[in-house]
Structures are given as C-alpha cells and as structure tokens.
Amino acid sequence: MISLAEKRKEYQNRLVEKAKKTVIVVGMGTCGIAAGGDKVWQALENAVKNKNLDIELVYSGCIGLCYVEPIMEVHRPDMPRVIYGNVNGETALKILEEHALNGKVVSDLAVAQDPKEGKTVLPEIPILNEMPFYKKQVKTAIANCGIINPDSIEEYIAYGGYEALEKVLSSMSQTQVIEEVKKSGLRGRGGGGFPTGLKWEFAYKSPGDKKYVICNADEGDPGAFMDRSVLEGDPHAVLEGMAICGYAIGADEGYIYVRAEYPLAIKRLENAIAQAEKAGLLGENILGSGFNFKLRIKAGAGAFVCGEETALINSIEGKRGMPRVRPPFPAQSGLWNKPTNNNNVETYANIPGIIRKGADWFAGMGTEKSKGSKVFALTGKVNRTGLAEVPIGITIREIIFDIAGGIQNNKKFKAVQIGGPSGGCIPEEYLDTPVDYDSLTALGAMMGSGGLVVMDETTCMVDVARFFLNFTQKESCGKCTPCREGTKRMLEILNRICDGKGKPEDIDTLERLSNVIKSTALCGLGQSAPNPVLATLRYFRNEYEDHIHNKKCTAGVCTALLEYKIDPDKCKGCGACKKVCPVGAISGEKKEAHEIDAGKCIKCGSCIEKCKFDAIIKG
Amino acid sequence: MCCCEKKDPKQEALEALLAKYKGQKGALIPVLQQTQDIYGYLPKEALQQISRELKIPLSEIFGVCTFYAQFHLSPRGRNIIRVCLGTACHVRGGAKIFERVQQELGIKDGETTEDLRFTIESVACIGACGLAPVIMVNDDTHGRLTPDQIPDILAQYE
C-alpha cells in the first residue's frame, strides 16, 4: 500500500515555511461573505498586488464567531496570531498597514489573540481560548474549520487528514472499524440520535454485492447551519468519513445530497472530490489497497421532507421526495433497493477523529448515553451568535449565558427552541438540564441537528408555535392524511387564536389532533410536526389561555390583540409619531399630549419606534 | 459566423445535456435543474423533449416539477430575491424586511415584476442565521438588515 506519511511531512514543511512569512486569513464562509468578507478580501488582494507586498493572503471557512463577522487574522512570524472582527475594506487596509507590515496591533479592532510559546502581544486583548465564547468549547468535528484552507487537500493532509482512511485500509478489518465506531458511542448528529456503529453494522450484514453510502447534507431545519459550516470549512473530513464508512459496510459508491440553497458548499465539495480523486484517495484502488470508492454530489431541489432518509433516497432516484414505508429500512433496501447507509454531515466529520485518536478518546467526552461533542448553532436574541462545539452534557444555561453571552438588550430570557421545527421550546426552569439526547427528549424537545434559537420576553409562544406549524404544513409532502390534513387543521386553529378568535375548546382540540398525528403519520417529519405545539402548551399554556379567554398577547406580537395608547404623562407633544403614522390615526396639538384613534390605527408599530420618550404603550 | 439553419443555442444546449444524461439512473432532477439554468424556467416543449429522450412519462416529470420548490413552469425575473423567514430571522424581524421588499417592488410572494427584473420568494432558511435577518439576491447574501436598507440593495441589481 502507498503511504501518505512522506507527503504529509512535505506538506507540513510547506506550512512551516509559509509561517515564516506574514499571512493574512479572511473568513469566507457564506456567513463571512454575507457580512462583507468578500469586500475585505477584494481590498486586501488589490493592495497586496498593487504594492507587490510579500504577504500571503488566504481564506478559510467559518471559525464560529458569527457575531463579529467579517473576520480577518494576521499571523506574523514574530508575533502571536491576532483575530480582528467587524472589519471592512477600509479598516482591513489599516490592519494590513499597521499590523501586517509594521507589527503594530490595531487594538480597537482586535477580538482575540492566540499566544505563541506563551508570549502575548498586548495584555488587554483577550486570549482566544480563554474568551467566554471559546472557553467551554471543545473542537473535534469542526476542529479544522476556519483553520485550514478548505480548498487545499495539502493543508488537510498536513493537519492529519486521510490518516484515518490509511489506517483503516492498511490495518483494520471491516468489523474492526464497525466495532471501533460502536465503542466510541457516536450517535447520529442529524436528529434521531441512532447509534452510528449499529447502523453501519446493519448495512454491513445485509446481503448484497452492491451497497451505497449517503451523506445527508440537506440541512433544512431553520436555525441550523453547522453542516454548512463543516462543508464550507472542512469538506475533506466528510469525504474521509464517508470513504471509511464505504470500506466498513462494503460499498463502492456514495452520494452527498446537498440542499440547493448552499451553492458555496457544493462548489467546495466538488473541488474537494476532484482533489481527492487526483491524489488517489477516492476512486479506483485507493492508496493501492484494492478498495474502490466513488463519490457524487446531488443537489437538492427545495423540499424540507428530503431531510428524511427515505424521502432523500427517492429524490436521489429522481422521484418526488416522498418518504417510504419502513420496514424495510434503508440498511436492508435503500437506494435502488440496495443496502444503504445514511448519516449526516457532522456524523461523518466525526469519524476520522475517532479512528485516528481512538474510540476511548471520543467516549471520554459526554455523558453515559451520549458520547462526544456536539456542534450547536446559536441564534436568536443572544449577544453572541455563532457556532459552538461543546462536550455533550454541558447545561443549556452554560451554552446560552456563558458561551452566547446571554440575552440582547438586557431583555429577559423566555425560552429556547432546540431541534428545529420538530423540537420544542424549553423554559427558564429547565435551563440547568444537561444537553444530551435523552434529557432533551424527556423535556419534549430534541437534540435535532443542533439549532438553538433563543427567545426573549418579546416573543409570543403561540405565534412561535404557529410559525413552526406553518412551516411543517407547507413542507408536508401530502402522502399521508394525518400530516397533510392534520397539520392544516392545527394551523387553522392557531391562526384563529392569534387573530383573537380562539374558542375555549381549542386547546383540547389541538392536543387531541397532536396526539393523533404523532402516532399515525408515516415519517419523522409528520410524527414530530405537533412537537412545537405540545411543548408550548406544556410550558406556556397560560399564554394560550390569555389569547383565548382574555384576548391578550402579553408579548405584544399578535397584532389583532394589541392596542396602542399614549401615556399623557410621558408624551411631550413633539409630533414625531403623528408624522410617521401612515394612516393619520394620531392627533394632538404641539407640546400637548397626543392621542391615538383606535378605530383608525393599523397597529404597524411605526410610532413606537419613533417615540423618544417611551410614551407609547402597546398591550 | 453565418448560417441560416443555425439552431437556437438554448435548444442545442438542451440536446447536449440530454445526450450526456441519457441512460443514467436518477438523471431526471439534475436534467431539470440544468434545463432551468438554460431557460430560466421549465418550458412545456423542453419537458416534452426530456420525456421523449429519457423515456419518462410527462405526467411523472410534471409530478416531480411541481413537488420541488426550486422548479418553475413560468418565466421568472432576472434577479431572484429570497427573503428568509426562518426561525432566527423570524424572531429578529424578518417579516418587516419581507413587507418592505414587497412594498418596494409592488409584488407579492412568488410574483415577478412586469419588467421581469425581480421575482420574490420567501424561503424557510438559508443557513446564515448568525446574521439574521437576511435576504439573498441571486447568489449574494445580505445580512443584519433593517427595512431601510432594502431600497439600496435592490438598486444594485438591474
């Protein structure tokens, strides 16, 4: 067999050589680009070219600090690495001039520093690993994201990439690989949390000369973007994980099903596959071992239900993406009726680390029944949005308050939505629950893909339930009646409640419908569709009752239930609200308290935004 | 180049595409995606031709086209605006952004302006939740938006 060791040495030496020069890294994941990373890149590229500077300009994926995007880093050989946030074309040039060329840190834009050999640059700049956002994180699945150039197989190999594949092909039997994955305790990171090793074993034991490996990259949960970050930041890890799986179950072909909304991820994957084929790490006779494995990308066409594994298989086959009845399970009869293993992006990205460092290392993290670490996407009303990988078992409170920095604008925490539209909302009193598969399920939520959407006191929970139902209702494929019709009836009821026309029996009807759908729908999407309603009914029943009986929305969201008033004691009569009101509902003389005509008011909220004296009350 | 019998370049591209995928398993969705790249939507004649060449009943092709949100059976605008109404955008005011876009262009969700300049679509999530609320115009993502930024963004697209 061909060994990668020499190549790796060579690539590592190249990195060492490169580190002798000054390197500037720009974060260019979708999030970085959206925040203006491409403009930063343009400005730096022009400057480096025009002035013919001896500076290496490179890009990376996302390092998870979405709240300070766009991000650039400066690595000078004589100084620790410094990370700058919220840069733009202009400030990037300033950093280039002062720091990269002249060694003077631009301290007001510096977010963090990464000490080198114990040396720091300026004492007032936070140390990266000691920052609240980073301190409690462990980086395994996303270890390379934001560190390596995602378009360079050489860098991936230099960082230990494809070592696991080499190890498997040269020294492990199929069953040994499966045993190792089983021993690690890795559970599916896409939602259900099924033990990965067991899944592989089923596919391995299924008879058949043709088998398939599928990677589910149809990350459809609103509020989740960890798979996108892995694909954009470290695509080779996913390819390596899939190849190892192919070897273990006896498959020679694989598909990556990526949602069409992720064009950059598709581009980087295509490039990664081409590089791996060229390097003899994918395709025929990999590393001279006799093992063949070919990978193809399938771009989704916009259907949430295709995240369900049997619907995804139908979609790859070119059909309508509707779920199949199980059994038979895909491990027995999947793609083109052949045994198929299906895992998601993060699950595969964990595999190389498990093989390289051993199952015990991985199983050393986490809780008894949920091992390892999990990537969470932190969004909603928190101070620090971003991507964080934490050991499973950390509490929800630690994630929201320590890592994400608590709630924006000093508002009060109300609930956190975990697990996407199939998950549930967790209220304040359960914030000290450890995050693991079973504890979350017990609370009526689920790990899901790991999206955490934090809501504050200005969020109406009935409106949130309606939002999710609206989503699942639209995305229902229509194959089975409970999901197709049931979610529609539930949505009608929720719309009615939010419009102030709720009936006393509505809560009972919602519960009854939910239970029927849960127990009779064909696939996971339908079975979990009522979860947001059940979870909000469990923890925020009073809000439903307020809407129905008192016709009140205390969060001030449901327009039909709101009334805008002006507090005459606070109103200075400045007239700002009168000017901005689109329907002329506000009247009053200058310097005297104004009034809102409730009959004319359309409750658009423009006046509240304009009032400088907090004189307008919504309720 | 002068040739009176020259074929429509789009038609030629479609033929090349069909030749490439003919006989391949599971080819229908990539073929439809690339046909839509050629025409901007899926014209009836093209679907009939795909049906003949790939030997898939037109009814089945129609079923696939109408199942997936990405396929369109009528012409669309030169610029596609995708307004994200996902959870993170929802709690950060995505609805107000959506309202403003519709107001600026005078069209509603799923509609196209008369001059074919813009089409608006609401989508469930584009995975840039850290920058919510966001919209995507073609392949460009615009994040951390307020309604007042919308006119300037729209002005960038012809």
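The model is a predicted one, in which local features need pLDDT of at least 70 and side-chain atom pairs count only at pLDDT 80 or more, while totals for chains, interfaces and linings use all residues. Residues are numbered from 1 along each chain as its sequence is written, chains are lettered from A and ligands numbered from 1 in the order in which they are written, and side-chain values use heavy atoms, with hydrogens and water left out.

Let's start with chain B. Its secondary structure comes to seven helices and four strands (helices are DSSP runs of H or I with at least four residues, strands are runs of E with at least two, and both are numbered from the N terminus). Read from the N terminus on, the elements go α-α-α-α-β-α-α-β-β-β-α. The C-alpha atoms of chain B fill a box of roughly 50 × 40 × 25 Å along the principal axes. The domain assignment, which is automatic or from a database, gives chain B domain 1 (9-67) and domain 2 (79-156). The C-alpha centres of those two domains lie 30 Å apart.

Over in chain A, the assignment gives domain 1 (14-130), domain 2 (153-364), domain 3 (373-456), domain 4 (461-550) and domain 5 (562-618). Between domain 1 and domain 4 of chain A, the C-alpha centres are 48 Å apart.

Now for the meeting place. Here 36 residues of chain B are in contact with 57 residues of chain A (contact means heavy atoms within 4.5 Å). About 3300 Å² is buried between the chains, and carbon and sulfur atoms give 58% of that; buried area is the accessible area (1.4 Å probe) that two parts lose on being put together, summed over both. The count between the chains is one salt bridge, meaning a side-chain nitrogen of Lys or Arg within 4 Å of a carboxyl oxygen of Asp or Glu. Glu609(A) forms a salt bridge with Lys96(B), with the closest N and O atoms 3.5 Å apart. On chain B's side, the elements giving two or more residues are α2 (28-39), α4 (58-67) and α5 (87-91).

Finally, look at the aromatic rings: there are 17 aromatic pairs over all chains, with ring centres of Phe, Tyr or Trp (its six-membered ring) within 6.5 Å; planes under 30 degrees apart count as stacked, over 60 as edge-to-face and the rest as tilted. Phe304(A) and Phe471(A) have ring centres 4.8 Å apart and planes at 75°, so this pair is edge-to-face. Phe304(A) sits in the loop between β8 (294-299) and α13 (309-316) of chain A and Phe471(A) in helix α18 (residues 461-475) of chain A, so the pair ties together parts 167 residues apart in sequence.
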